[in-house]
Structure formats: structure tokens, C-alpha cells
Amino acid sequence: MTYLTKPKLHHPTLATNKRGFTRRDYEGPVSTLCAGCGHDSISAAIIQAAFNLDIEPHRVAKLSGIGCSSKTPTYFLGQSHGFNTVHGRMPSVLTGANLANRELIYMGVSGDGDSASIGLGQFAHSMRRGVNMVYIVMNNGVYGLTKGQFSATADKGSKAKRGAINNDSPVDMVGLALQLGATFVARSFSGDKAQLVPLIEAAIAHQGAAFIDVVSPCVAFNNHPGSTKSYDYVREHNEAVNRIDFMPKREEITTDYAPGMLQEVVQHDGSVLRLRKLHADYDPNNRIGAMNFLQEHQARGEVVTGLLYVNPEPEDLHIYANTVNVPLSTLSERVLCPGSAALDKINASLR
Amino acid sequence: MKKISAVNDFVIKFANVNGSGSASANELFARSILRMGVPVSPRNIFPSNIQGLPTWYEVRVSERGYLGRRGGCDLMVAMNPQTWDADVKEIEPGGYLFYDSTRPMPKSKFREDINVLGMPLTQITNEAYTDVRQRQLFKNIIYVGALSALLDIESDAIGQLIGEQYRGKEALLKPNLHALQMGRDYAIAHLDCAGVGLKVKRADNVGKRIFIEGNNAAALGAVYGGATVCAWYPITPSSSVAEAFEKHCRKFRVDPETGKNRFAIVQAEDELASIGMVIGAGWNGARAFTATSGPGISLMTEFIGLAYFAEIPATIINVQRGGPSTGMPTRTQQADLLSCAYASNGDTKHPMLFPEDPKECFDFAATALDLADRLQTPIFLMTDLDIGMNTRLCEPLVWDDDRKYDHGKVMSAEELEAGRDFGRYLDVDGDGIPYRTYPGTHPKRGAYFTRGTTKDRYARYSEEGPVYVDNMQRLERKWETARNLVPHPLTRAASRPSKLGVIYFGSTSPAMTEALDVLEAQGRPLDAMRVRGFPFHASVMEFIASHDQVFVVEQNRDAQFRSMLINEGDLDSARVVPVLHYDGTPITARFIIAAISEHVAFLNVTPIKKVAQ
């Protein structure tokens, strides 16, 4: 892999957002992933979501593990600090970073090998702790960088490019996230930008642990007949529960959807998720219902996508830890050090 | 029969069953001697278990202030039938056995050459108390009362301590004082107190010193040193570091106006996650630490390599225990030196600090946080179970209120705005330490990508050979900078010129001090150096070069410290002689003296009398 920069010049009429940034300001260097890789579409969706939300790029910290998916933070938000950690351990590093500075937006990017195989433990515990972050798994069911071995999300019976059949049961990260207490759980498809971009926007606005499983076909090793993570398979089996529109709180709420098909969810920060329901009976505020719905459809071989669960009033690790409102990293010795007088008292109590 | 006779210089050992409440009574005993101005050094010898297994509490009383373990036992308080035989056997000839004589014991269970003091403790407590729990707890206080009479410990000293312990808890205060008095009265009336040759006599050798556990002191050092994030996973013998940190933070780190915490503590799911969190917090500009022991270090090793190579501050307190593997979880060793010094794959090395006692645990914990920021790398505080989990007499803790935290080279938004060149791995002033930026500093400048892969001076990924070598050489320059920043060694010159020297570090210190005094008195003076930091300061190699031979005293089997000296100093191995103690008990002066004397005799220098083991 080489490090490529893109030309800094861009078209003078390129649209800017409210912060004065163009879409290009949210890009990174040229991707070195394979042409047609689903991951690049997800990077593009992240760029679009950040642009739409008028986020200042430097207020985002993007962290990843190891693997093809974990390389992508290089290719978006070039003005953000990034951290490519070790394999499967991004969640702990992100948790520590979040503890140090609660004011940044944390984006954790991982893959199915990184999060469901080697990193399943850290994935699970970061969900349990309610770390305020957007955790995106670019899920292709395969190890790309090491050339096509199955990952733990590969479906039982699915076929590898070289013909091997997977006999192990798959890890369903969406089901796990629901069960472990994530307060925003969604699944999408890298080929469905219309669904994915508003989901990422809503996840960024969500002030708790937000998890998005994005099925992202691997064009090199997992896009063949017999694979259950191929473009064709996902398109044929996609069972969307809703279509989401995301409105930040400052925008005027308009009603241009047919009533009866709409459900609005107001998140804690005032932003509105407007869900166009494709399944009339689907309730995204019901965690148990979401788990049941997911299991039933999974049994039928359907890939359920959309916003599966959201708790509009989430709590996060900082609430549990009762930390001060300012970043811990900004506290000085003036408030951190108890001083010599207190130490003298301690000494006196130890005699 | 011979009776050991000693004033303010003996060892008393309590053999108990763990979970029986003996620990606090035994500590009360030790503290009462301190209150009489006589230094004591107690040690818990305990199993990895919560209830029912044998546990010992050994108190060395030493007016001269020798705080190392002495070895041997002059008075055994045998309260555990399970270990009776071994406990009786351990008593020095002419020593004393204090035991519960409620049930008659066959003569064969005793020794001819020891002095037996029987007291029907169970009978006394059963008559005085009906509640089972009370019987057990007060039995301990009763034997402390009896011992105070036997050893001439002032009852006021104990009464005062009990008063302080139960201040405001009248319901507990009176029964404790009563139990104490009951024990004293019985001993005075029924035991030959005057016939016991071991006595405590008021002295003035404690001064302003304090009595504290190393783990507690290290936690205080982390509070004073400005740590705001602590991520940890429970492991003996380090758990009490994080627990003490939380206790101190609740007292000192809660914003009085909002009631919110100026700290965050996470009990992680494992050591991988705890070091990951520390690294994440350090990357993001907070001071963070973890506390662990050997097996935890093994798990953290991949992350330690990342922090070395990506250059992220992290402070790791390693309270060492006996290894390898699960090893001896409740015994002490200095056996993680190599696994910490060179932790992780590839060419890695990490600074380490070696505290000798709780005072230095406090000092070095704060120093480690400064050094981690200054050097942008993991710093190890290498303490051990002997220092960490035992209450040790040490100098009072001191803090200079003018001291500012050293955050090292951090480029500010203003500097970036002014157009200052920022290269994350660019050495601008030759010390090998580059500037860093905290995430979120500036809208357009100073962002970079942190990674464990190789990169150029501007943090751009590269696997080009020259780029890699350039970076590795800069890291080597940083290592040289660290050499002068870690605490310098301290030397103690012999009374007359000596061709022999001794190097030691960490918890060996009190035993070594005593051994040096004895060797000196025996006409075998040695120059001594206590190393306090790694990488080794230049004076360490100068010390070795200026002696014919240097003993390296350490508590592991493989002479790890000696290997590091040979490796780092490119030494002729014949110049450094290993003195190794690794049975899990703290090293003793007797052991050191014997080992050195034996070697000196072998060298055919003036033979000296071999000291009894």
C-alpha cells in the first residue's frame, strides 16, 4: 500500500455546508482497497453524513482495528485524528479515548473478523458499557487482507471462493448488540446509500452506544454464487423494516410523508428520526420485539435492514461514571492535585 | 533451658487461619510497638484463598530499623492446628511457643528446646461470649492482650490505637478494650511474664516515619501525579492499587460544586482491554494508568508494542508476584524484568522504575506519569508483593505545591495556527522526542493518523527501508534521552576502598542495607549501588567498571537484572556475580551475607566466618 494524496484543488462552485466545508473537506486520501469494494461505499456514506450534519472534521476521532475495513478511516475525514489500533481491540482504545475527552465524536470502524472473531469480547463489553460512539462493522463474512478465509459472521453452509463450506454457526452482531444493551442498533447494506447515510447521521446524533452492521460484499473473495454476503444475495434477501430520514434538531420539521406509514423518534439532542415503515407493525423502540423480529426473519434466510432499535433517551459511560462535564484531559494540577496540606494529614493518619 | 533474650530485636510470627479476623488484631499488635518508638516490619504470608487456609503474619521488631525479613522465628503464636508441626519446628532453639491450651496436647507435639506458654484461649472466650463470631474476633484481641503483658508492650499504646480505630463507635470500642484487658489480666496472673526474654522497650527510633502499604502509596502517587483515567483488571497482588485509587479519588477528586468526578475508573473485562483504555486515554491527552501483575503483562504485551511504536503515553504499575504462568500468586519475586523491559514483538524497550518502599512507590508513580507524557511511551513502575501488600515503615510522603505536571511536547492550536511545522514523528531538537497534538486541537492543522505500522516523520504510512530505519534510529535517540530522565542510582561507599561492589534494586533494599552493615562489621566492606531506573544511567556501568567484581542481588532464578546489565552494557559476564533468591519469600540479609561470603571465600580473599542461615 502506498500513501496517496488527492489534489487539493476542487471546483470553485462545490457546495458548502453551514460550517463552510465542502464535501471534499471530509474526504481522505485515495482508497487503496479493491475497485468495487463495499467498504468504499460505506466510507462515502460516512463522508456524506458528516457533510450533511455540518460536523467540524477535527471534532471527530476515528478509530479502527486491523483489516481491510480498519484501513478505511484513512480514506475519510482526513482532518480528523485517526487511530489504527491492534487487531480486535479498537473498542478498548476508543473507550479510553472517550473517557479522556467526552466532547469529541467517536467513530469506531471495524470488520467482521476484527469485531466478531478476534475482537468479540471487546465489542461485547463496549456495548455493555454504553460507550457514546458510532460503531460501524463493515461485514463481508471474510478475511480480505489474508485472502479469503471465513470470518465468524459467515453463514453456516456458505461457500468460500475456493470451494470450502463453512460449518460453524454465524455470530449475529446485531442480535448481540441488542442483547448487550446498545441503545441504537441498525443494519444496512453498503449498496444502499439511501438507507445507510441517514442511519449514520442518526447514529452520530445518538448520545450512546450506536451500532451499525453494514453488509459489505468483498468483491475479491466473497461475491460469488454460494456466498451469503454477495451483492446479489443481499439484494435478493434484503428485508427492510423501515426507511429512515434524519433531521438534525435545527431543521424545521416538515411533513411530506403519508401519515400512517410514518413514525417519528425524537432523540435526546432534539434530532428527529423519521421512519417510513415498510413493516407496519415494526416498533423500533421495542428491544425485545426487535430481537424476536430479527430471529424470525433470520430463520427464513432474510437479511433484516433498517433501524432495528433506538432508545431515544440513552445513557452512556460518562453518566454511569458521573464524570465532570469538561474533558478529563483538560483538567490541570490545580484541581487534580490535593496538595501538600492534604498529604500532611494523610501522613499523620499513618503513624 | 536456654531462653532467647532480646530487647527490641526479635521476630514474632502469628500462625492463623485466613478469614478468622486475625489480620486486624495482628496489625494492632505491630502498630502498638511502633507507638513505643520501636520500628517494626510486618509481613503477611497468605494463600490465594479467602477462607480456611493457613496464613501467617510475621513481625520483625528491630530497634536499629532493619525492615527486611530476618528469617527464623523467636516467638510463635500458634493458632492454627493445621500447621502446628511446621510452626513448632520453625522456632529458634530457646525461643517461645504461645498456644491455645484449651485442649490438652500430647507431649510429642512439643519440643524440648523451646519455652512453652499455654493459655486456654478458647475456654476463656467461650466463657465470656456466646456469639460465635464474637468468640472468634475477640479471641484474637485477647491473645494480643496476653502478648502485650508477656512482651512488656504498654497497654496505653494499644488502648490508644483501639480508641482511634473505633472512634465514634462506642459499641465496638468498649468490648475491644475489655477483651484486651482480659488477655493481659490472664497473662499477668497465670503466665511467667518475667521469664520471657523478649521485651519491647520504649525508644525513639520511629520519628516522623509513616506506616503504609506500597499499593496504597502508589495509588496516592497516581492521584497526586494527575492520573484521571484508571483501567484495570483484578489480579493479586495489584488489585488494591486500583481500589485505593478509587478511595482517594472519592475523597480528593469530586468537584465540590457539582458532585461530579474528576476521574474515571473502569474495571475492564481483561488486561488487554485495560491497557487498551489506558492507551486510548493517553492518546487523547489524559493521564492514565493500569495496575497489574506478571500474567497481566503477558496479556498486555501486544498493546505495549503499539504504544512504544506509535509513541503513546501509558503508565503500568506492575506489582510483581512469583512466576511463571499463574506461579505463586501470593508470593513475591522480581521476575518480570525481562518481560517488561523488552515487552512485545520486534525491537522494543521500555523505561522501568524500581521503588524500594512505599515512599518511592508514591514518588515514582507520579514520576512515571510525567515520564510517560515526556517520553510518549509506556513506563513501568516495578514494585512487588513484598512492598505492595505489606505495611511498611517509610519516610513521610512529600509534595511540592509548586510542582507542575510535565505534559511533554504537545503542540497547541496557537502554534499550529501560527504555521509551526508539525510532523508527528519529526525530531526537531535532537532528543528523539517528537511533538504530538491532541485530537480535536485545530480545524485544519495537526491531524494525523496513529498506527502500529511504520510511517515517516509526518506519520504517513511507509514500508520503505530508509524511512523505517530513520524512525527506529530516532526511537533509539529517545531511549538515550530516557537514560537521564529516569531516577538515577544511589551509591553507598564502603568505609574503605573495596574492589567488590554490589548492585541491587527494589524490595531487596532493606535486606541489603542490613547485609551491608553486617559485612562491614565483619571486615568485608562493599561498595553498593541501588539502581532505580532503566535504561541504566551511565554511572551504573562506571560503577561496574570500577570494581573487580560486582554482585547483582535479585529475586528471580534466571538473573534477569544481571542479563540486562550484560546486554545493555556489553559486559564481560564474569564481572557480575549473581546472587539469586527466588523461593517466593522476601530476600533476607542472612541470605545475602551467606551468598556473598561464600563467593568471597571462593575467591580466596581473606576468609570470613560463615553466617548461620
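In this predicted model, helix 1 of chain B passes helix 4 of chain B in a right-handed crossing. The axes of helix 1 (residues 22-35) and helix 4 (residues 132-151) of chain B come within 9 Å and cross at roughly 25°. Because angles under 35 degrees count as roughly parallel, helix 1 of chain B is described as roughly parallel to helix 4 of chain B. On the side of helix 1 of chain B, the contact is formed by B:Ser22, B:Ala25, B:Leu28, B:Phe29 and B:Ser32. Helix 4 of chain B contributes B:Asn140, B:Ile141, B:Val144, B:Leu147 and B:Ser148. By class, the residues of this contact are six nonpolar, four polar and no charged.

**Chain A**

Chain A contains twelve helices and 13 strands. The C-alpha trace of chain A spans about 75 × 50 × 50 Å along its principal axes.

Three strands of chain A form an open sheet in the order 10-12-11, with antiparallel pairing. Strand 10 (242-247) and strand 11 (262-266) of chain A stand at the edges; each has a single partner strand, so one side of each is left without a neighbour in the sheet. On average, and with direction ignored, neighbouring strands of this sheet are turned by 20° against each other. Strand 10 of chain A pairs with strand 12 (residues 272-277) of chain A over six bridges, and A:Met247 has A:Val272 in strand 12 as its bridge partner. Helix 7 (residues 193-205) of chain A lies across strand 10 and strand 12 of chain A, running at about 50° to strand 10.

**Contact between the chains**

The contact between the chains takes 49 residues from chain A and 55 residues from chain B. On the side of chain A that touches chain B, several elements each supply at least two residues, including strand 2 (81-84), helix 3 (90-100) and helix 12 (339-349) of chain A. The largest share, eight residues, comes from helix 3 of chain A. The side of chain A that touches chain B has 23 nonpolar, 21 polar and five charged residues.

| Strand pair | Sense | Bridges |
|---|---|---|
| Strand 10 and strand 12 of chain A | antiparallel | six bridges |

Definitions and conventions
Residues are numbered from 1 along each chain as its sequence is written. Chains are lettered from A and ligands numbered from 1 in the order in which they are written. This is a predicted model: local features need pLDDT of at least 70, side-chain atom pairs count only at pLDDT 80 or more; totals for chains, interfaces and linings use all residues. Axes are lines fitted to C-alpha atoms, for helices over the stretch in contact, and angles run from 0 to 180 degrees between N-to-C directions. Helices (H or I, at least four residues) and strands (E, at least two) are DSSP runs, numbered from the N terminus. Angles under 35 degrees count as roughly parallel, over 145 as roughly antiparallel, 65 to 115 as roughly perpendicular and the rest as oblique. A crossing is left-handed if the near helix is turned anticlockwise from the far one by less than a right angle, and right-handed if clockwise. Two residues are in contact if their C-beta atoms, placed from the backbone, lie within 7 Å. Ala, Val, Leu, Ile, Met, Phe, Trp, Tyr, Cys and Pro count as nonpolar, Asp, Glu, Lys and Arg as charged, and the others, Gly among them, as polar. Two strands pair if DSSP finds at least two bridges between them.
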